[in-house]
Amino acid sequence: MTQAFGDEHTRIKLETVEKYLNAYTKALKQQSFTLLYVDVCAGSGASIPRALLTSQDDCGGQQQLLEAPAFAVDTDQIIVGSAIRALRITPAFDLYLLNDVKKSNVDALRKKIKSEFSHLYDRVTLSQFDANKMLFTLCRETNWRSNRAVVFLDPFGLQIKYETLLELGRTKAVDVWYLVPVFAMYRQIRGDGLVLEDGGRSVDEALGTTEWRNVVATEEKGQMDLWGVSAPVSKRAVDVAWFEAIAKERLKLAFGGQVVDEVLPLGRNGLHEFSLMFAWANPGDKARLASKLAKAVLK
Ligand SMILES: C[S@@+](CC[C@H](N)C(=O)[O-])C[C@H]1O[C@@H](n2cnc3c(N)ncnc32)[C@H](O)[C@@H]1O
């Protein structure tokens, strides 16, 4: 089973995180920590670029699952997913915690790991929880004196809650790659500045604040009527870049300022849909190496 989503930007995102993982296990191999790779939106292990689907196959920005593609796809066109990339890293992580909310994805991933990574199977834990719930338990129940982790947050939309980012920051031990859905935040504001009800609530939860609502609309003078009176017209006052800046500020707040300033903008056809950001929770001097590695792979 292969998911159908993504495009060239998906490949770039995954290669960036993969480069970091490669450097991470090499850098920490002499230390006594147990190293965890935590992928909370792990998917099925592979995806097919949406551009390869015919229009009737497309699913409007979301994923679909293909038992066997109904069209010919070269194997080199299949995008290898984050979890499989992590399992290929040498030296290997000590534990792989792979999670997806969809059972079909978890089943597909299990099947792939059993057939292709049987030598690592006893290091893998597969689960099917909401990402926030899974991370909350992990952050609270792990001994962060002896464990270190790289956490990859790779959602389609506004699924990751700010509360979860706060929990990750409190561990003082995890490095986080977060694909921030900046376009999904932006599109909850209509052109006339009105914030959509449900979507707006999701933005509140993702940013952990409602303050953004105070500045996203502005009023301008409208056209004058016959009596020379103009009624004010409301319009959207922010753009995607503004949401990127706010999301970074919020992430900094959760990680004691420890967020790399360089950000990778990603999206289909030149659209800025996501911003890949890196944060590290360990305040120690040695842990600054994490930011150096992340900056190097973000170049
Ligand atoms: C962009 S895909 C991630 C793909 C994966 N990282 C890869 O490289 O193939 C997002 C994934 O998040 C999963 N997902 C959506 N909402 C979720 C949630 N609340 N908790 C956990 N997983 C979720 C979807 O089922 C989907 O597989």
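**A first look**

Mentor: The protein chain has nine helices and 13 strands; helices (H or I, at least four residues) and strands (E, at least two) are DSSP runs numbered from the N terminus. This is a predicted model, where local features need pLDDT of at least 70 and side-chain atom pairs count only at pLDDT 80 or more, while totals for chains, interfaces and linings use all residues. Residues are numbered from 1 along each chain as its sequence is written.

Trainee: OK, how much of the protein chain is buried?
Mentor: Buried residues are 37% of its 299 residues. Buried takes 20 or more other C-beta atoms within 10 Å of a residue's own, exposed is 12 or fewer, and partly exposed is in between, with C-beta atoms placed from the backbone.

Trainee: What about the sheet, which order do the seven strands come in?
Mentor: The order is 7-6-2-8-9-13-12, in an open sheet with mixed pairing. Two strands pair if DSSP finds at least two bridges between them.

Trainee: Which strands stand at the edges?
Mentor: Strand 7 (124-127) and strand 12 (264-266). Each has a single partner strand, so one side of each is left without a neighbour in the sheet.

Trainee: And how does strand 12 pair with strand 13?
Mentor: Strand 12 and strand 13 (residues 274-280) are antiparallel, over three bridges. Pro265 stands opposite Ser275 there. The loop between the two strands holds Asn269, which has a positive phi of about 50° although it is not a glycine.

Trainee: Why point out the phi?
Mentor: Most residues other than glycine have a negative phi, and most peptide bonds are trans.

Trainee: Is Asn269 buried or exposed?
Mentor: Asn269 counts as exposed, because it has 9 C-beta neighbours inside 10 Å.

Trainee: Where is Lys172?
Mentor: Lys172 is in the loop between helix 5 and strand 9. Its phi is positive too, about 55°, and it is not a glycine. Lys172 is partly exposed, with 17 other C-beta atoms within 10 Å.

Trainee: And which peptide bond is cis?
Mentor: The one from Thr90 to Pro91, with omega near -10°. Pro91 is in the loop between helix 2 (82-87) and strand 6 (95-99).

Trainee: Back to strand 9, how many of its residues are buried?
Mentor: Seven of the seven in strand 9 (residues 174-180). Val174, Val176, Tyr178 and Val180 are on one side, with Asp175, Trp177 and Leu179 on the other. Strand 9 runs parallel to strand 8 (residues 147-153), joined by five bridges, and Leu153 stands opposite Tyr178.

Trainee: Switching to helices: at what angle do helix 5 and helix 8 cross?
Mentor: The axes of helix 5 (residues 162-170) and helix 8 (residues 240-254) cross at roughly 40° and come within 8 Å.

Trainee: Which residues meet there?
Mentor: From helix 5, Tyr162, Leu165, Leu166 and Gly169; from helix 8, Arg250, Leu251 and Ala254. In contact means that C-beta atoms, placed from the backbone, lie within 7 Å.

Conventions
Axes fitted to C-alpha atoms, helices over the stretch in contact; angles between N-to-C directions. Contact = placed C-beta atoms within 7 Å.
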